[in-house]
Amino acid sequence: MKFEGDKTGRSLQESTDAEVFSALKAGQSQALAILYDRHVGLVYGIAYKVLGNAAEAEDLTQDIFLNLSRSSFDAQRGSLRTYLGILVRSRCLDRLRSWRNRQRSLERGKVELQAQGSSSGDPSFEHLSQTEQVEEVQTALAELSDSQRQILKMAYYEGMSQSEIAKQLDLPLGTVKARARRGLLRLRQLLDPKGRGPS
């Protein structure tokens, strides 16, 4: 298939990465499939090597290609392959930093709960506190839409990645991500007394 704007008569499949990327930016959806076929091995390979988790590597790979048309790639500054290599390493490091920060927050919360339990002198204090938190979260979850609640439960109670959820629910990955994000924002609003607003 000849692509729009090509003066040589070559098909999009025969074009350079820079030309295919330009076609993608111009809205030709088959360009994404071509770039995916050419570079998915590189992107997934780096993601898997850095993250060490197949599901997370797959999720990141899909995310990078789904957002490629909005990327800042400039063919004047280097090849698309080099750009993708740098991009995926950067996104992997962002994810690792996020995981570490989350882990530190969990550890801090655990230490604080243990300290509160010790200072109360009541061995059941920690259990009581956790039970109250679980009830608060359950009440807040009930306030979400069915679709948001289902996705968050699959992610946090069943440990499924967003790509696994998308496959199981037969939804586009972008839809799952959007619903999860909106659900988390609503949960934060419901669980944070300052975010509830006047009652």
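A salt bridge is a side-chain nitrogen of Lys or Arg within 4 Å of a carboxyl oxygen of Asp or Glu. In the present structure, which is a predicted model, the side chains of Arg95 and Asp59 meet this criterion, with a nitrogen-to-oxygen distance of 3.3 Å. Arg95 belongs to helix H4 and Asp59 to helix H3, so the pair ties together parts of the chain that are 36 residues apart in sequence. Because residues under 20% relative accessible area count as buried, Arg95, at 17%, and Asp59, at 6%, are both placed in that class.

A search of the whole structure finds eight salt bridges. One of them joins Asp17 to Arg38, with the closest N and O atoms 2.7 Å apart. This pair also links distant parts of the chain, since Asp17 lies in helix H1 (residues 17–25) and Arg38 in helix H2 (residues 30–51), 21 residues apart. Arg38 is partly exposed, at 26% relative accessibility. A further salt bridge is formed by Asp146 and Arg149, whose closest N and O atoms are 2.4 Å apart. Both of these residues lie in helix H6, three residues apart, or about one turn of the helix. Asp146 is exposed, with a relative accessible area of 58%, whereas Arg149 is buried, at 18%.

The largest pocket has a volume of about 950 Å³. Its lining consists of 21 residues, of which Leu106, Val137, Tyr156, Leu184 and Leu191 are the closest to the centre. Helices H4 (80–120), H5 (125–142), H6 (146–156) and H8 (173–191) each supply at least two residues of this lining. Sorted by class, the lining comprises 12 nonpolar, five polar and four charged residues.

The second largest pocket contains about 670 Å³ of space. Among its 18 lining residues, Glu56, Trp99, Arg102, Tyr156 and Gln162 lie nearest the centre. At least two lining residues come from each of helices H3 (54–66), H4, H6 and H8. The lining of the second largest pocket has eight nonpolar, four polar and six charged residues.

A backbone feature was also identified. Most residues other than glycine have a negative phi. Asp170, although not a glycine, has a positive phi of about 55 degrees. Asp170 is located in the loop between helix H7 (162–169) and helix H8, and this residue is exposed, with a relative accessible area of 70%.

Conventions
Residues are numbered from 1 along each chain as its sequence is written. This is a predicted model: local features need pLDDT of at least 70, side-chain atom pairs count only at pLDDT 80 or more; totals for chains, interfaces and linings use all residues. Side-chain values use heavy atoms; hydrogens and water are left out. On a 1 Å grid over the protein atoms alone, a cavity is a set of points where a 1.4 Å probe fits but cannot get out, and a pocket is an open set with protein on both sides within 12 Å along at least five of seven lines; lining residues have an atom within 4 Å of a point. Grid points are joined across faces, edges and corners, and a volume is the space filled by probe spheres set on the points. Helices (H or I, at least four residues) and strands (E, at least two) are DSSP runs, numbered from the N terminus. Ala, Val, Leu, Ile, Met, Phe, Trp, Tyr, Cys and Pro count as nonpolar, Asp, Glu, Lys and Arg as charged, and the others, Gly among them, as polar. Buried means under 20% relative accessible area, exposed over 50%, partly exposed in between (1.4 Å probe, protein chains only).
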